Amino acid sequence: MDAILAQLPQIEAMCEQLYTAQTPDHRTQAEQMLRPFSQSTEYIAHCKAILDNSRSPYAQLLASSSLLRLVTEHALSAQIRIEMKKYFMQYLDTHGPGMEAYVCTSVVQLLCRTVKLAWFDADAPRGIVDECKALMERGSPGHYLLALKVLTMLVSEINTATPGRTLTAHRKIAVSFRDLSLLSVFKVALVALRQLLDNRAEPRLKEQGLTLALACLSFDFVGTCLDDSAEDMSTIQVPSSWRGLIEDPSTLQLFLDYYAASGPPPSKLALECLVRLASVRRSLFSSDVERSKFLNRLVNGCRDILRAQSGLAEHHDNYHEFCRLLGRLKTNYQLSELVSVDNYTEWIQLVAQLTIDSLNSWQWAKDSVYYLLGLWSRLVSSMPYLKGDSPSLLEANVPKITQAYITSRLESVRLVLVGGSSLDDMLDAEDQLSEQLESLPYLVRFQYDKSSQFVCSLIDPLVVNYKQATTMTGLDAAAKQQLAVLEGQLAWMVSIVGSVIRGRLSSSSSSAESQESIDGDLAARVFGLLSLMDTGVHQGRYQENSRQRLDMAVLGFFQNFRKVYIGEQVMQSSNVYSKLGERLGLADHQAVLTLMLQKIATNLKVYGSSEGLVHLTLTLFQDLATGYMSGKLLLKLEAVHFMLGHHTSAYYSFLDAPPNSRNRTCYYNTLARLLFMEDAPSRFKGFMAPLQSAFGEIAARSSNCSSPAQLRQSAPQLAVVGLFRDLRGIAAATATRRTYSLLFDWMYPAHFRAVLCCLEAFADTPAVTTPLLKFVSEFVFNKSQRLTFDSSSPNGILLFREVSKVLVCYGQHVLNVQQVSDPYNDKYKGIWICLQALSRAMSGNYVNFGVFELYGDAALSDALGVALRMALSIPLADIMSYKKVAKAYFSLIEVLCHNHTGTVACQDSVTFGFILSSLDQGLKSLDVSISSACASAVDNLASFYFRNVVREPESGRPAPGSAEMQEHLRQQPALLPEILRSLFEIILFEENSNQWSLSRPMLSLILINEAVYLQLRQQIIVAQPPDKQPHLAACLDKLMTDVGSNLEPKNRDKFTQNLTIVRHEYRSKT
């Protein structure tokens, strides 16, 4: 310790440099010098010495943060953890009140993390609540505040999963803390709050006390991992032992008093606590009478706040939380219970007025309106189930709220345009808009006749004005602004009508049918608007934001109308079509679809520069084509046949806009889906003619170029990218053997040479290689058994040869790439797509791979070789970090280990070791598909070794690769035992949803070397706490009961059954 004390000034200087350095170089230098403190448990004593002797807050922060990392990442003995907990508590007692706030927070977290990890070591850590009570009794405000901070951090720490620990271990501690200490902590919080309220204590003490109470009420009582910030917070499952506190009137009143007596943040915290109390489970209360009393107190408390308007208008945080509280009342209580509450009439009138005021003050309350609309929509939804004579008063209030919402939205358009950038347009806030429009249909449909008349009275004058504007010419600034206001208001009305029509889906059938004619009346207004939008002056406004918002609203209306009135479940005689036929001549689905398709085509022609609007348009087009009924109806339309014959950029300008590059795939996928609905090879040929020309142009340019570099200069990059994005969309639409054969026969052999030429020319350009490789990966994917060739056809082999050429060509380039600024986009992305393509080709069951070796064709060996080299060029840590890379890599390894085990075994020792080490890491992945693929790969490797090396092969001669695998394992004997250890630890000590998959390789690994298994078994037992070792040993003794030394299916199933029993018995008593 003398050495560390001698170096203390230098350490303090480096710590100050670490936390205050102005340049990254200085900070990096300090990090490198101070990193050892957080890497080895040998430095625990050094960190304590720094805490004891240094007065530098930076040095104290380094010591506490380093100790936190050491405590979390290293397995310390129980005795050390208990001693550390005692030391940290004493340190805080002595130094806590005078420390810098950030240092105090770090040490408090360190104490609480240590307490959590030592929770089951002894009784001492569980006494921390009593120790905090003792601190509070010191009479010092500093110690009082410190004790509240420790308890708050303790609740938060135990309620949060610790990095590096299993969810099971976390929940065991959380449940124990809940049962033993949480109620005591909540009582401490309530006692403290009463004392602080009476003593007029300083605000920070009140705030900390409320924070502690909120942490207790926000605890994850039953392991649902609820997100306290979620707006749809579920019912809180408070334990029954809390019943007395919750039913006690003084508990609820305490938080109401705190709200009345303080401003934010204490008042906001008090409201948050009330939100939690309003969410407690129904079954907690001892009787319905007690629950009714609780609701009475809650509603009357809200009524008092509304009546006084205290703290709402002045503080937005209070306002927001109060709206959340109102929203929770209907979520957790029935309308029949609410109307029975004392003073319900006054309360509902005050809430209605608050809602109307909020809607009119949309600039200030836009984030809070969601809860209020949700409250009213739930109230309205409960009306059919309301029994008794108590009036709900919804009939008088809901129409006023509906009208206030609509008129305030319309008025907002004018204010936003006049106010310029100082106000946000609510039409641009998509999430908020969709949330509000989800609740609105319930309100509008509550008294649909009146509400629809009001909507029509607003939309009709807007449509008239819009029609009159078509003849305007020479627009000045004022006229343009006026037109922008008109477009914005129409966008709101179209969005509102669309949401109301979607509300038909959630309406009861009896009332909904009677409302269909009203739906038709509203829809007719929007469909009638379409004829005006692309005429006169409106044709020149496609680049204006207000016009684009209007078109987005129309697309949203189309989607809602499609879901309700176009499809398999909708009768053509719907009253909606009667109204549409009367007003516009749209008598059936086909007429409406024609109108929709005309709008889709117009948007694709005029909105090339608006990627978002093009995307929404194509999404609608795709959704229409995907539906069986709507797809068949589309095929009857002349407009669709025109699109299938004229789909190039000459007709749809969005194809020429670079931002729409991704949208091309969706566009051609939809067109191809429609094309393939009918068996018409001649039409397919005509459809592919533009792509045939594009390939022909590439082939011509390639023949005129002496090198790939020349082709790169002569071939337009955007055209190449567009071509492969188009092809990928078409390939994805081939879902049957018939349709795939059409594309394959068109593609091979005529155009694969051009594919290879493009890859050679643009190998270093991810913008080109990514769509090209994704097309290849899609083309070789045997989904729905679409790649089924005749038994005498060589097409499967020929296709794989082309894939091999693509992989080798790309691999030769990417393996020479060294330093890149963006490893994923510049290197890893292309590699994982190649691995995915190879995996799909090798698992598609359309290639007889034995042919390649038989006839000396190197296509298979070249593809495997370059794929493995590409995989090995990515560090294992990066493979695990990028999910798509990991999925592609492990899928390929699984395929290789299943069908080409000898090939894997014949790799060099470095490659073989890398593969097995990666499988060990993959087994620990939280992604079930990855861990299952790794388990399957390990099982195939271990079974191969068992059948060909451990046992005499049935054929009398070992399979190719057996000797090589034996040599690999002789050089690296720990490879398979480490995997077996990982599997045991995962099965026994962690949660996993794929236990069956993980158990399959374990028997093979055990039978390979039973002596090693026995050693490993003993190591696993010894690694457990002494009191658990006998139980684990007794459980593991049953693992091999009635299990033979073979890999027959019946024997495997018996082992899996035994393993399940072992796991259940061990975990049931720990």
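Arg204 and Glu202 are joined by a salt bridge, with 2.8 Å from N to O. A salt bridge here is a side-chain nitrogen of Lys or Arg within 4 Å of a carboxyl oxygen of Asp or Glu. Arg204 counts as partly exposed at 45% relative accessibility, and Glu202 also counts as partly exposed, at 33%. For these labels, buried means under 20% relative accessible area, exposed means over 50%, and partly exposed lies in between (1.4 Å probe, protein chains only).

A word on how to read these views: this is a predicted model, in which local features need pLDDT of at least 70 and side-chain atom pairs count only at pLDDT 80 or more, while totals for chains, interfaces and linings use all residues. Residues are numbered from 1 along each chain as its sequence is written, and side-chain values use heavy atoms, with hydrogens and water left out.

**View 1. A salt bridge links Glu337 with Arg291, at 2.6 Å from N to O.** Glu337 belongs to helix 17 (residues 335-339) and Arg291 to helix 15, so this pair ties together parts that are 46 residues apart in sequence. Helices (H or I, at least four residues) and strands (E, at least two) are DSSP runs, numbered from the N terminus.

**View 2. Asp679 and Arg738 meet through their side chains in a salt bridge of 3.7 Å, N to O.** Asp679 sits in the loop between helix 32 (661-675) and helix 33 (681-687), and Arg738 in helix 37 (residues 737-747), so the pair ties together parts that are 59 residues apart in sequence. Asp679 counts as exposed at 56% relative accessibility, and Arg738 as partly exposed at 31%. The structure holds 43 salt bridges.

**View 3. A patch of negative charge on the surface brings together Glu430, Asp431, Glu435 and Glu438.** Patches are made of residues with over 30% relative accessible area and no salt bridge; like charges are joined within 9 Å, and nonpolar side chains (Val, Leu, Ile, Met, Phe, Trp, Tyr) within 5 Å. Lys and Arg count as positive and Asp and Glu as negative, with His and the chain ends not counted. Each charge is placed at NZ of Lys, CZ of Arg, CG of Asp or CD of Glu. Accessible areas come from the Shrake-Rupley method with a 1.4 Å probe, and for residues only the protein chains shown count as cover. Glu438 is part of helix 22 (residues 430-444) and is partly exposed, with a relative accessible area of 48%.

**View 4. Ser451 is found in helix 23 (residues 448-469).** At 7% relative accessibility, Ser451 counts as buried. Which residues does Ser451 contact, leaving aside its neighbours within four places in sequence? They are Thr402, Leu443 and Val444; contact means heavy atoms within 4.5 Å.

**View 5. Two peptide bonds in the cis form can be inspected here, Pro264 to Pro265 and Tyr748 to Pro749.** For the bond from Pro264 to Pro265, omega is near 0 degrees; Pro265 lies in the loop between helix 13 (249-261) and helix 14 (266-277). For the bond from Tyr748 to Pro749, omega is near 5 degrees, and Pro749 belongs to the loop between helix 37 and helix 38 (752-761). Most residues other than glycine have a negative phi, and most peptide bonds are trans.

View 6. Gln309 is in the loop between helix 15 and helix 16 (316-332) and counts as partly exposed at 38% relative accessibility. The loop between helix 41 (823-842) and helix 42 (850-854) holds Asn845, which is exposed, with a relative accessible area of 72%.

**View 7. Stepping back, the protein has 54 helices and zero strands.** Its C-alpha trace spans about 90 × 90 × 60 Å along the principal axes. Of the 1070 residues in the protein, 53% are buried.
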